[in-house]
Amino acid sequence: MAVQRKRLIMLFAFLTAWGVVIVVRLVQIQIVRHPEYVTRAAKQQERTLSLTPVRGSILDAKGRILAESIDAHSIYADPQAIVDPAETSRKLAAVEGLTILPEGIERKLRGRGEFAWVARQVSPEVASSVRNLSLPGIYLLEEHRRSYPKKSLGANLLGYVGIDGEGLAGVEHAFDGFARGRAGKVTLLRDARRGMYLVGGEGANAAVDGQNLVLTIDQVVQFIAERALEGAIERTRAVGGSVIVMDPNDGAILAMASYPRFDPNRFRDFPSSSWRNRAVQDLYEPGSTFKIVTAAAGLEEGVVTPSQILDCGPGYIEIASFRIREHGGHAYGYLSFEDVVAHSSNVGTIRVALALGQRRLHHYVRRFGFGHQTGIGLPGEASGIIRDTEKWSLLSNAVISIGQEIAATPLQVLLAAAVIANGGKKVEPRILDRVLDHQGAVVHRPEAAAPEQIVSEKTAAVLNEILKSAVARGTGKNAALDDYVVAGKTGTAQKAVKGGYSSDKYVASFVGYVPADRPRLAILVVIEEPRGSHYGGVVAAPVFREVAAATLRYLRVPPSSPGRQIALPARALAELSQPDGESPGRPTRAVAGEVPDLLGLDARTAIARAAASGFSVRAEGAGIVLTQSPSPGPATSVRRIELSMSSSGERLR
């Protein structure tokens, strides 16, 4: 009996001790280490994946698709559920279109984790082939991938997208906040049999698709620009270049072409140097195209007039013991200022710059937009380089006036020319026109900065006539069109290298606008390091002509008015004489003449002729001149002409 009691007590003690151990263990698991075990269970049983939203499309100005998101699938694996990693890898690698080596797949399948990506964003055909294999531990996730149906068209402007749907360059990066949308969440669950299931992706966890971007770019104009640029690069064996086409009236970019190009569908297959948008990222010395700024400053400040005679000497000018020569070894002697621009005389331009002085020239360079970003908003845009006058040498005033010792982007140079094209105003360039939701409603429209008056309308009108002469009978002859009046300026610049300038590397360029009296297009062409002839008038001007002619036809712009095909010569702009003893580079007096007949002229030509005769102008309305006061005839004491303007479609009474 005593033995039995002793045994019962021992059993009871054992059971009590065992119960205490169980309770302690439960407390440890359920309370003390509860968070740790929950975390471990979650790692074993579930995984949260990001559900990529559908990225918004990029459309051109007429709604044609430049970039879109299309259906794709991603392949992932549970390495713990793979029975034979080598065999599974072999079967996956054999799928047509899945460009992964067997050893690469096997390395992922032999990992210790519970999740591994095998391939991201494969085509529906590849996904279907993988699904048909029914491989244990291999699963598919529905996603989207970026597609550029026009391939390399506009690639340097559009940019590209990373594997996770993030814009990495160009428009894709600049407006990523609109196009990307918001990622959703989906949970990957594993059951006791190691099966996997996707849950979630709804409600607050649902992905929010991105919005559509409508650009100012027209894909037809973009194609025209790229085709012309590529042809010029091949002909001249140049290393690269850019072409920009813009509406000078509102800053809308119609085309922005760069060479070399790449295919954003597979951008990693191309060298990173080909991804660059040269129009906003490359800096170069603009050379003689920059003379537009010097000429505008000289006219605005009254230090020169169109018919003023400038001494261009024997083909060079000495500044601070340094001899600056004319291009091509020319020795022009005496030239009117109009001919200085038309023939791109370095000496004549420098004389104007010396009359302006450092402070005023620097002021206009900054006013025209050099030295700071344009406001277009594209990533990687360079500001350019223009030093403060305190850092100028004795030579700086002269060489900056002809486009040296200054670095600019192609877009900055085009905007400077557009100031003259639109009557003296600097417009902000724009590439994004509007943002649309999925129903097509406008949810955002960028507000452009108000145009800034850089030079007077009078100065712009007079310089417009001079730039027409530069094309009609100057260095820009190869840019001329049969049915449209072109205004523009050539540029030929030696490339800056360490310690000076290269003797055999040049940048050839041409900037202009058309039709000159009612501009619809401003176009810049830059060709870098052409071989053979390197002059802007020979290399770049024909590209301008090709782009302008095709674009004007496409846009159905009517030809220039009859009788306006030839640019006015200097004597029609002004009857000016230089008093004896007055030094070249200083303003001369206008000879009093008759009140000019301005009836029937457009505003630009009317202002130019009035200014040339010494009259100021006050115009009401827009279009062509219907009435003027005082009437054409002998000069009067009144030095201002009142003009009444009307649309070009109204008949004269």
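I started with what covers the buried residues of α4: the cover includes β3 (65–77), α3 (85–93), β4 (116–122) and β5 (138–147). I worked on a predicted model, where local features need pLDDT of at least 70, side-chain atom pairs count only at pLDDT 80 or more, and totals for chains, interfaces and linings use all residues. Residues are numbered from 1 along each chain as its sequence is written, and side-chain values use heavy atoms, with hydrogens and water left out.

**Helix α4**

I took helices (H or I, at least four residues) and strands (E, at least two) as DSSP runs, numbered from the N terminus. Which residues of α4 are buried? In α4 (residues 102–109) I noted G104, I105 and L109. Buried means under 20% relative accessible area, exposed over 50%, and partly exposed in between (1.4 Å probe, protein chains only). Down the axis of α4, the buried residues fall within an arc of 135°, so they line one face of the helix. The arc is that of the directions from the helix axis to the C-beta atoms.

**Helix α5**

Next I checked α5 (residues 124–133), where V126, A127 and V130 are buried. They cover an arc of only 100° around the axis, which puts them on the same side of α5. E125 and N132 are exposed on the other side. The buried residues of α5 pack against β3, α3, β4 and β5; contact means heavy atoms within 4.5 Å. Just after α5, I found S134 with a positive phi of about 50°.

**Helices α11 and α16**

I then looked at α11 (residues 291–301) and α16 (residues 457–472). Their axes come within 10 Å and cross at roughly 135°. That makes α11 oblique to α16. Angles under 35 degrees count as roughly parallel, over 145 as roughly antiparallel, 65 to 115 as roughly perpendicular and the rest as oblique. From α11, the contact is made by I292, A295, A296, L299 and E300; from α16, by T459, V462, L463, I466 and L467.

**T409**

Where is T409 found? I located T409 in the loop between α14 (396–401) and α15 (410–421). T409 is buried, with a relative accessible area of 0%. Leaving aside neighbours within four places in sequence, T409 is in contact with A279, V280, D282, L283, Y284 and A382. I also checked T374: T409 and T374 are 35 residues apart in sequence and 9.6 Å apart in space, C-alpha to C-alpha.

Methods: Axes are lines fitted to C-alpha atoms, for helices over the stretch in contact, and angles run from 0 to 180 degrees between N-to-C directions.
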